[in-house]
Amino acid sequence: MNSPMQNLPYQAALDQALSQLIDVDRARYHRFWSYYRNQVDLRAALYNPGPAEHPYRQAQEWGLPPRLLGNDGLHNRKNIVIENDIRWRIDASVDYLFSRSPVLLSTACDPARRAALTTLLNHILAVNGGVLFLQRLALLGAVYGFVDVLVKFQANPGAPEAPFAQSDDPTGGSSPALPPPARSASPVLPAASQSDPVAAPGSMNCQNDPGVNCSHEEALLPLARRIHLEIVEPTRAVPVFCPTDSGRLLAYGQCYDLPGQAAAARPSRWPRLRRAVAAEAAAPRRILDLIEPHRWQRLRDGATIQEGINPLGRIPLAHVQNLAVPFQFPGFSEVEPLIPLQDELNTRLSDRANRLALQSFKMYLGRGIDDFLSRPIEPGQMWSTDNPAAQVQEFGGDANSPSEQAHLDDLREAMDKTSGVSAIAAGVIKNRLGRLTSAAALRVTLMALLSRTERKRTTYGQGIEQICELALQWLDWSGLFPTRPDQRGIELHWPSPLPENDLEKLQEAEAKLRVGVPREDVLRELGY
């Protein structure tokens, strides 16, 4: 089946979203990641085989002026100094947000049911990476401004399988006819059979009997392995919104290019035609995986090659904005406002490096002295001349430049204010704070970072809640772990981002118990 993509009812919105991604957003996103990583390109030495002090290129050199890079970027290069102040700020903000995993607790009313759901959700997070998965979310969100997670159900947990594909080959193959949206006949997720090693549909009906099988680790862990959390690379994300309602998501897609396959060599009387056929076969193929609330399809170069139903009835997407931005799909990128300041900092550091290279050693101008060039200047060396106008003039050396240092300090302070991450967050103390005698003093010092961390906890907390809700809905659809919509909620309890004394925390907990705070609430605050 090879139906054209032009039959989609939201074709205009899809074309606009693809154009925005390919023509505008991809270049921006690649630049954000390059400034965060500042990766070193060693291939530059191949294009400049001559002797060079630094035979490599760095990503942040993109923002340096031509007077430092030379006219062509290869010759007449000056000393380039890159101090990546962006990366350690991003890493510090990620560490403060997800240094430890938050505590996930189900909000189900029945205690046994709540315990089983809590265990299951923590297993789902653990098998998908745990705190490492959360740190990846925070890193991508901080760099790009947002991060998307597709919650997928794996019919065969042993083999990685995309739930919205018919075959393992994304570049071809025929697609079967679209079956009716019946649970037992779904081409996306076949229902579990009686021979399933986990459970058959209905055999773990915890709604009727909350204490049967649900609380056992050996029963819940295989269920958790069926849920796959796929982080979508922002350079592939294609959200399609309703033209009349900007908050209504019609479809969600991933657009990427696959390398072409080399054509088989066949004898031909027409060499030009043979080369054209080979070039067409080797050309990359653009793939678009499109998910709608009730169906999915995979398109190659605009033609549908696979399709099927989406039995969930909704797009299994958890969208997280790094910092909330109204009326926009992307959130606030923490790299974007730092790029101009980072360019200015690198430019001034490179200028200072070139000035120091020229003025590191004192130089002398000799006038009216014979053999001045052949006789070195060194201790004990003497010259004699009959020329009364003879003179040795000293120049050069590293002169003090207070304005230059003040400018560098102002740039770093501006980056502190823009990012909300000061040097003390990374453990750098420059005699500015005196003695930190209490946690309150540290909180005042890190006020900007802590307030931004709290804002992020709101957005990322909502994303984690959506992930848990979608995972439980998939398990309910499959019949392996039935749940009601009111049982899929969770509570998140975040650990303190600041280092704390465990003894002081225990003493505070004892004081709360004495005044009547429930024991469960106290243990939850302690992270148990």
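Q: What is the volume of the largest pocket?
A: This is a predicted model, where local features need pLDDT of at least 70, side-chain atom pairs count only at pLDDT 80 or more, and totals for chains, interfaces and linings use all residues. Residues are numbered from 1 along each chain as its sequence is written, and side-chain values use heavy atoms, leaving out hydrogens and water. A pocket is an open set of points on a 1 Å grid over the protein atoms alone, with protein on both sides within 12 Å along at least five of seven lines. Points join across faces, edges and corners, and volume is the space filled by probe spheres set on them; for the largest pocket that gives about 1,200 Å³.

Q: Which element gives the largest share of the lining of the largest pocket?
A: The lining (residues with an atom within 4 Å of a point) holds 43 residues, and Pro-239, Phe-241, Gln-328, Phe-329 and Pro-330 lie nearest the pocket's centre. Strand 6 (237–242), strand 7 (245–258), strand 11 (317–321) and helix 12 are among the elements that give two or more residues. Elements are DSSP runs numbered from the N terminus: helices are H or I, at least four residues, and strands are E, at least two. The largest share, ten residues, comes from helix 1.

Q: How many charged residues are in the lining of the largest pocket?
A: Asp, Glu, Lys and Arg count as charged; Ala, Val, Leu, Ile, Met, Phe, Trp, Tyr, Cys and Pro as nonpolar; the others, Gly among them, as polar. The lining has 27 nonpolar and twelve polar residues, and its charged residues number four.

Q: Which helix gives the most to the lining of the largest cavity?
A: A cavity is a set of grid points where a 1.4 Å probe fits but cannot get out. The count is one cavity of 30 Å³ or more, and the largest holds about 80 Å³ of space. Its lining is eleven nonpolar residues, with no polar and no charged ones, including Leu-104, Phe-133 and Cys-468. Helix 5 (111–127) and helix 6 (131–144) each supply at least two residues, but the most, four residues, comes from helix 12.

Q: Is Gln-487 buried or exposed?
A: Gln-487 sits in the loop between helix 12 (447–478) and strand 14 (490–493). Its side chain makes a polar contact of 3.4 Å with that of Arg-113. Such a contact is a pair of N or O atoms within 3.5 Å; within protein, one must be able to donate a hydrogen and the other to accept it, and residues adjacent in sequence count only if both atoms are side-chain atoms. Relative accessibility is 8%, so Gln-487 counts as buried.

Q: Which side chain does a polar contact of 3.1 Å join to that of Gln-297?
A: Gln-297 lies in strand 9 (residues 295–300). Leaving aside residues up to four places away in sequence, Gln-297 touches residues including Leu-8, Asp-289 and Glu-307; contact means heavy atoms within 4.5 Å. The polar contact of 3.1 Å is with the side chain of Thr-304.

Q: Why does Phe-153 count as buried?
A: Phe-153 is found in strand 4 (residues 146–153). Buried means under 20% relative accessible area, exposed over 50%, partly exposed in between (1.4 Å probe, protein chains only). Phe-153 is buried because its relative accessible area is 2%.
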